[in-house]
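Let us read this structure step by step. Have the model open as we talk.

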Amino acid sequence: MIAAASSAQHSRAAAGKAARRQGEDTTMARDTTDFSPIEGVDELVSYLAAGCKPKDAWRIGTEHEKFPFYVDGNRPVPYEGPNGIRALLEGMQGLLGWEPIIDAGNVIGLVEPTGQGAISLEPGGQFELSGAPVETLHQTCREGNAHLAQLREVAEPLGIRFLGLGGSPKWTLAETPRMPKSRYDIMTAYMPKVGSRGLDMMYRTCTIQVNLDFSSEADMRRKMQVSLKLQPLATALFANSPFTEGRPNGLQAGAATSGATPTTSARAFSNSASRPGSASPTMSNGRSTCRCTSSSATGAISMPLTSPSASS
């Protein structure tokens, strides 16, 4: 399953022909609209091939999601309101100086002006850092820790903290807020047509994904294969979603079942990250995004890598 995406920051959908013509780099947090038709498979192949890099230019990038909740009552955090997700984004903008991403008048993300990171929202308000391309896992760890420290500085006065879990442990789908992002409206209407767990996957799961550069088609294929083989091991090692709607769900990795239905392939074509327990890797121009994620936001593995805890 292949989803064409831009190279600057961990893959976001864009038609290959138009992306090459315009020379645009976009972050995952930015939606793009392009009605230029793709005229052949060669255009898709060329788009991916243009991302090949020599080994000394390889980088890794991490996408880091977590559930926000109010300390008072352990309630989910809505978008609107003086202590809502929008206020959290605006506070992060003031702290970091990053540029806002606007969708129909709503701030739905932030982007570092030079392309070295972005903050975006998942459908249920899951707060995501799309980190900068870095050279080592140690840099990724420092980046994640710095992000969580910055987030606490803004969130704690709002009464908000974060959960590093693969699945929402308490709230029903009806209780889960919905973020005002146009693409998610389309996905919300579509997912029930192709499977039974698509909305749970969208609104009630979190993950960490690693994005890897590649030197050739063979190198990209090998990394994808290794990632897929490690995925069940990662799910077992980092299983931490045993609760659903306040009750034990009978599984250590309950969130994994959200990606194990026909929604997996459908969501790949929706160009959004695969969810815990799914095997839906994507490939982007400039980065092999091997999203074979574990059931935990504290250590998704596409290659033999772990990531810093999202707990805050």
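Q: Where is Ala-104 placed?
A: Ala-104 lies in the loop between strand 3 (99-103) and strand 4 (106-111). Strands (E, at least two residues) and helices (H or I, at least four) are DSSP runs, numbered from the N terminus. Ala-104 has a positive phi of about 55°, although it is not a glycine.

Q: What kind of model is this, and how are residues numbered?
A: This is a predicted model: local features need pLDDT of at least 70, side-chain atom pairs count only at pLDDT 80 or more, and totals for chains, interfaces and linings use all residues. Residues are numbered from 1 along each chain as its sequence is written, and side-chain values use heavy atoms, leaving out hydrogens and water.

Q: Is Ala-104 buried or exposed?
A: Buried means under 20% relative accessible area, exposed over 50%, and partly exposed in between (1.4 Å probe, protein chains only). Ala-104 has 72% relative accessibility, so it counts as exposed.

Q: Which phi does Asn-74 have, and where is its place?
A: Asn-74 has a positive phi of about 50°, and it is not a glycine. Its place is in the loop between strand 1 (60-70) and strand 2 (75-76). Asn-74 is partly exposed, at 40% relative accessible area.

Q: How many helices and strands are in the chain?
A: The chain has eight helices and twelve strands. Buried residues make up 54% of its 312 residues.

Q: Which residues of helix 2 are buried?
A: First, the general idea. An α-helix has 3.6 residues a turn, so residues three or four places apart point the same way. In helix 2 (residues 41-49), the buried residues are Glu-43, Tyr-47 and Leu-48. Seen down the axis of helix 2, they fall within an arc of 130°, so they line one face. The arc is that of the directions from the helix axis to the C-beta atoms. On the other side of helix 2, Val-41 and Asp-42 are exposed.

Q: How many aromatic pairs does a search of the whole structure find?
A: A pair of aromatic rings is described by the distance of the centres and the angle of the planes. Rings of Phe, Tyr and Trp (its six-membered ring) pair if their centres lie within 6.5 Å; planes under 30 degrees apart count as stacked, over 60 as edge-to-face and the rest as tilted. The search finds one pair. Phe-127 and Phe-162 form this tilted pair, 6.2 Å centre to centre, with 50° between the planes. Phe-127 is in strand 6 (residues 127-130) and Phe-162 in strand 7 (residues 160-163), 35 residues apart. Phe-127 is buried at 0% relative accessibility, and Phe-162 is buried at 2%.
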